Structures are given as C-alpha cells and as structure tokens.
There are 2 protein chains.
Amino acid sequence: MKNTITVGLLGLGTVGSGVIEILNDHKESIQHKTGSQVTIKSVLVNDLNKPRELPGETTQLTDRYEDITRDPEIDVVVEVMGGIDHTLSILLEAIEHGKHIVTANKDLMAQHGAELFAASQKTGCDIYYEASVAGGIPIIRSIIDGLSSDRIRKMMGIVNGTTNYIMTKMTQDGTDFDSVLKEAQELGFAEADPTADVDGLDAARKMTILSILGFSMPFNLEDVEVKGIRGLSLSDIKYAEELGYTIKLIGIAENDHTGVSVSVEPTLLPSTHPLSSVHNEFNAVYVYGDAVGETMFYGPGAGKLPTATAVVSDLIAVIKNIRLGTSGKAYVQPQFSKQVKTKKEQLTKKYIRLHVLDQPGMLMEMTTIFAQYDISFDQIIQRASDQDKERELIMITHQVSEEDFAKAQSELQELSSVRRVDSIFRVEGGE
Amino acid sequence: MKNTITVGLLGLGTVGSGVIEILNDHKESIQHKTGSQVTIKSVLVNDLNKPRELPGETTQLTDRYEDITRDPEIDVVVEVMGGIDHTLSILLEAIEHGKHIVTANKDLMAQHGAELFAASQKTGCDIYYEASVAGGIPIIRSIIDGLSSDRIRKMMGIVNGTTNYIMTKMTQDGTDFDSVLKEAQELGFAEADPTADVDGLDAARKMTILSILGFSMPFNLEDVEVKGIRGLSLSDIKYAEELGYTIKLIGIAENDHTGVSVSVEPTLLPSTHPLSSVHNEFNAVYVYGDAVGETMFYGPGAGKLPTATAVVSDLIAVIKNIRLGTSGKAYVQPQFSKQVKTKKEQLTKKYIRLHVLDQPGMLMEMTTIFAQYDISFDQIIQRASDQDKERELIMITHQVSEEDFAKAQSELQELSSVRRVDSIFRVEGGE
C-alpha cells in the first residue's frame, strides 16, 4: 500500500491556497483517516515571478501543465484553476496518464462531465467534484450515497450565493437591485462582471450536475430553462410578502412519471418553506424523495475554506480508494435516457403583475383570455397605481402549462387596456 | 463477484416492512447501482402464527435467530428489531459467522458500538448504522465523508422528533405540555411510555453516536448531561419569545481546545438560528467546522420509509463493499482519548425565571450573590406576578461556569426574598 500520496495542484488562487492550508492544518487527522501522508509536489501557476508563500519545502511551482500531467510520481491532480476548454484538455491528459482527479469546476463538470467520466473509466481513475455544487455542503455524496435507496422526485436549490445575498438585502433592507449589486461588488460577494451569477448561468450549471446525479439521466446545460434576477423590483418582493411568499432564485429539477423539467428562475416560495429562511450568501439544497420525504442540506456555498474543505474531503475519498484498490469504481453511468418535458407538459403556478387602465370591461377582457386557456386564480390583488386612471393588478394562478400561459400572456399584451406586464414569476407550493 | 446478495432481516415491525417495501420498489435501481440482486432469505419474528404478508416467495419466517446468524448463505444481517443486550449477543454471533451488519438501533450503538466495531474488525465485516441517528437524514456519512477534511467544533441537534413535535405545538398553539403529550400519543407521535423521548435519553444516545464520530473520541452515554422537557411551562416559551429566542430540546456537543462537553437540554436559541425553524416532528443537525463554518442537515427523523431509506442506503454501501472487496475497511478507530470538561470548565449562558417578594433590598441581596460568582446579565425582565407582593424575574446571564451557576443558584434559594426558582435553561448565541 502507498504510504505517501503525491498531489499536483492546478491553480493557486483563493481555493488553491485554502486546500494547502487545510492539508497543513489537518495533517495528522488526514493521516489517521487514510493511513497516508499527502504531499503537494507541484503547483501550476500563471506567473512564476509573482511573489508568494510556498506551500511546503518540497513543493515546486511551474507554469507548464505537463510538469504535472506527465509526472509519474503524481497520483492525484487537484484542479482549482477554473476555465473550460483548456482545463478539459489538461485533465484529459492527466487522466490518460493515470492521474485521479479532484475538481471544484462546475462549468467544466456541467458541460464536459460525461467526457471526463468516459475517459476516467478507461484508465480506472477517480473523478470527484463535490466542491462544484454548493461549496461546503456535501450534497453530491448525499445524493449518491445517502439517498441511494430512494427515488428522488424534486430538487430545489439556492445554489448561487451572490444572487441570494442580493435578494436577501433587497428583501430585508428595501434597497433596489442596482444599489445592492454595487454594494455586493464592493464587499467581494459579487464579481466585477456579475453576468454568470445574476443571469442564472452559474446556478444552471449546478442544477445540471444535480439533475444528472439525482435522476440518473444524461442532461446538458441546454436542458435547463434559465431566467436571472436582473431588474427584479422591490414591488414584487413586497407583494410576494403580502401574499405569504418569499422570492428566491431557485433551481428546480422535477421528475414525475412523465418526464423531467429543470429550470432556474426567480420563484415565489411560501414563507414557511425551509428554503425561505436561507439568507445572505448561504446555499441550501432541498431534496424530496419518494420514501424519505423532505430533506434539506444547508451551508456555505462558496468561500476559500468551505470550498477547500469539500476539495480535501474528496481527496481523502480518492486516497482511500487508492489504498483499497477501488479507484475508478464510484462512477455509475446514468441509468435512464433523458426525458425532458415540453412547454405544454410543464405545469406551474404563476405570479403576474401588470398595469391596466381603469376602464369598464377591462377585467372582463382579461378574464376571457385566461378562461380560454383554462387559467384560474388562487389570489388577486388590485391596487391604485401612481399613474392616475391606472391600476396595478397582481395575480397568482393555479397550475397552468408553460405553453398556455405564454399564449395567454401575448394575447394579454395586445389588449388596449393592458399598459404593461411588469413581471412574471414561478410560484411553488399549494395547488 | 457475487451477483446475488442474501439478506437476513431481524424484525418485521414498521421499519422492517419499510425495508422490504423499498427493496421491492427500487429493485432495478439497486441492481443498477450495485450490480447485484438482493434477496431477503429469512426474517426473524416473535410470533410465527401472526398472519402477515410475506415479503417474497422465497422468504421464510423464523423465530430462531440462529437460522439467520448461522446460515452460510446469508451475507448481510439487517437489524431493525430494537433492544439492547439480547440484540447485541445476536449481532456478535452474526459477526462471528462473517455477516455484515446494517442496524437502525441507536440504543445499541450508543452503548455497545465500540464492542461491535472491535468484533467486526476481527472478521473483516462492515457495520453501518446511518438510520440510528436522525432517521432519513444522511448525517453520519456527511460527518464521516463529507466533512472528513475539517475539524468539527460544535454539533447541535434536534434529534428527537417527539419532543420537537410537542414543543412546536406548545409554541404555536399555546397548549400546555400535558395536553400536547396526550394529543401526540393519540396521533402516534409519542409512545405510550414517553420516558425515553421526553426525558432526553433518546436524544442523548444519538448525541453519543455523533460525538464519537464528530470528535473521534470514545464517548459513552454517561458522558452526556441530560435534562428533558417534562414540565416545560408556557410562560418560559412566551418569555423566551419576548427576549428573541425559541426553546428547543437541543443536543449540544462542543469541542474547543481544552475539552469536550456533550449535553441534551431545553435550550433558548436565537429565533434567527436555522434550528429555530425546524418544526413539528422534523429533525436537523447543525454542524460547525473550523473550515466549513455553518452547515445544517434537515429531514424526517423517524417514520417507516425515511428510516428504511437510510437502512437500504447502508445496505447498498455494504453490497458495494462486498463486490469491491473492501468490506470492514470503513471503520476508523477514534483518534483521540476522551477529554470531558468538568462543570467548572463548562461555560454557558443561562436563562433563569424566579418568583421573588417585592420588598426593599431584594434585588441587592440577589445581585450580591451573582456578583460573588462573577455572573453578569445580558437581559432582565421584571413583571407583576399573579400573587400580590410577588414579582416574576426573568434573567439571561452572560457566560458562566456550570459549577459557579449551581452554587449561586443554591445560595439564591436560601434567600427569604426568593419564593421559588421556576426554571433554568441553557441559552445559545451571543456572548
């Protein structure tokens, strides 16, 4: 049995230095758990001349990835550099050379997971990627192992900390989207270019990974319907509250007997739902299984040490497999072919807020359109508007197909009495 | 490799029939995940003549445990019959005959876990026991695997569904303890003899198991300070709310650099704490790690199918180990020797409610005692009492040692101005 495991680290940014910190701090405990010492032999960096604290006396820095992928001494490659295409080719080369992989890269796993798994199956290598979804929350192994005997029906995730921070601040302080985004950028909770977070792409990648695992079907990022939180208004947050709901950016993956739908969109959740109490930059994944019922996994979705914890826990699993001779056995091919629901088949409740002219027959015109598409309502609020002769209407529907709702919406917008449709969101809970 | 795994089931009560149901319902998925078919060959029952639906055509019922422990065809023994001493001897015999064990038995694991592990190490058998703590929540494997790279500092658990149900009803409906207990018994949420739940013993067993795993030290049930919820009053629930807290029966296991304390007691939690939103019969375990920070695992703590899900997920892990030839390797001996804090070393905040005579010098007498023991206060409420000339005092202290507080309390009770001390609880959060 190998008593020393040699690691090559790709990337020495925030997470990379967190990995080194945890490996140093928890040296004894890791040796106790795995029976092995862990040595970081080489670290790939962009700029060799940048001054940095070296992680250990025997650790060398390199700017050539081949020094890691082709080094016969290296057992495990830990990838925390990010990026997609170039990183994929590096990892494929590492796998070809028999290296096991631990990665925190959701972009890569969401887009090229299947390719990496296929390559690793050929050479009997492990790929672990717990840190790619919800940072420090061990959600991937909970789905793979903890709930392995169950049939998962639904996963709802607050899997993007930046947007949850923004929405929490908007809700609690009544500050508008642009101001909170600016503040979040200053505090380091949001990137200078917040697109991937704010427009939902980051969350969509994580939901792709969770859906593949939870439903055992080969999904792609393209299967996810994505709508971000840009332009979310304080009015909607207030009306939602009045109606008993909290607005969150939720990734929802559902599997009933007829098919699957996966989406990321601002969603009204009942304020009593466990996810409604997940504030600030925290993440949580709510999982509903046929047998287990409701479970939720809560914790930090990002950050240096939480993410590094997930990476090192994966590294420990990989080392155990090396010592036990069970490498490359953890991955199970998706069991089912993919069945994505059409928009006609997708049934959800909707929240709609619109400005209408206060004129006779207005409500009748609208209700006639809704009735045509069998759309009925759970709650309706009508309020005075700041414009004279206008009214603000807020409605929550019962379940309706996405297709029918889209048709009703476009007919609605043709009505002369409808000044504008302000917002439309998904609603969860109730009938 | 074995393509069929043969199981002996000890017990055919609620959880036992749940296990059979899940194995039948998820046959294909389990075969996909493990590469094996699972057959239940024999089931141990008390009464062979009781009419029941047989779980499968090839399954036989027996009232002799040796038919299972000594059957060379049986690979795994699944224990869902409960009990301690007799069950221990049966499982030890099964292990001696090379059977792997999956058990849902917290009483047994809290008291005799070490003995079972020692025996299983000799014969290279697995012991899995996820269902023994918090039913359907995969908390044990989250601690063992998911957080394996971290140093766990604190675990707080709502790990008894019965008491959480009772306390939720008391809080939400304002119904007193005895009435809610009676209602819970009628609804099947509480046993006819509720002692183990209401007096905290059940929670203490679970906290013993979590503490062994989380801190890697060999704790016993006797190391846990236990105080139940019997006689919890509505007044305390109301005052707690007024002070910004929610009262829950919480198991708390803490490990700072100087030692460990493990307790189960009614505790005031800040109402904003994630555990404060865990209602009814739900369970949750909050884990604080040095690196990961705050995480929480939420779900059903009991019930037929949730518990059976945990049992069958364990069975899947055992089967994977059998097929991979890695049985008996999952268990890691506690790394550290046990360091339990003395009462002098245990620092907590306290809530105290008492009735005092409204007479001059009363408050001075009391504060003199508290000052002697360096006890200072975070919040104080004084209210009129229903008795003339009496006042009700509610105080929350800053951190104080258990020993000092006990001394102050007994001196307090000697004062002529103190009519009675109504209640004392632990307080979490703040300084």
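## Where the two chains meet

In this predicted model, 18 residue pairs are in polar contact between chain B and chain A, counting pairs with both residues at pLDDT 80 or more. Salt bridges are another story: the count between chain B and chain A is zero.

Which parts of chain B touch chain A? Helices α1 (14-25), α2 (27-34), α6 (139-146) and α12 (304-324), along with strand β12 (293-300), each supply at least two residues of that side of chain B. The biggest giver is α12(B), with eight residues. By type, the residues on this side of chain B divide into 18 nonpolar, 16 polar and 10 charged.

The contact draws on 44 residues from chain B and 44 residues from chain A. Together the chains bury about 4,100 Å² between them, with 58% of it on carbon and sulfur atoms. In chain B, the residues that lose the most area to chain A are His32(B), Ser149(B) and Tyr298(B), which together make up 15% of what that side buries.

## Two strands side by side

Have a look at strand β12 (residues 293-300) of chain A: three bridges join it to β12(B), and the two run antiparallel. For instance, Met296(A) has Tyr298(B) as its bridge partner in β12(B).

## Turning one chain onto the other

The same surface serves both copies, as 100% of the contact residues of chain B recur in chain A.

Technical notes:
Residues numbered from 1 in each chain as written. Chains lettered and ligands numbered in written order. Predicted model: local features only at pLDDT ≥ 70, side-chain atom pairs only at ≥ 80, totals over all residues. Heavy atoms only, no water. Contact = heavy atoms within 4.5 Å. Buried area = accessible area lost by both parts, 1.4 Å probe. Salt bridge = Lys/Arg side-chain N within 4 Å of Asp/Glu carboxyl O. Polar contact = N/O pair within 3.5 Å; in protein donor to acceptor, adjacent residues only side chain to side chain. Helix = DSSP H or I, 4+ residues; strand = E, 2+ residues; numbered from the N terminus. Nonpolar A, V, L, I, M, F, W, Y, C, P; charged D, E, K, R; others polar. Pairing = 2+ DSSP bridges.
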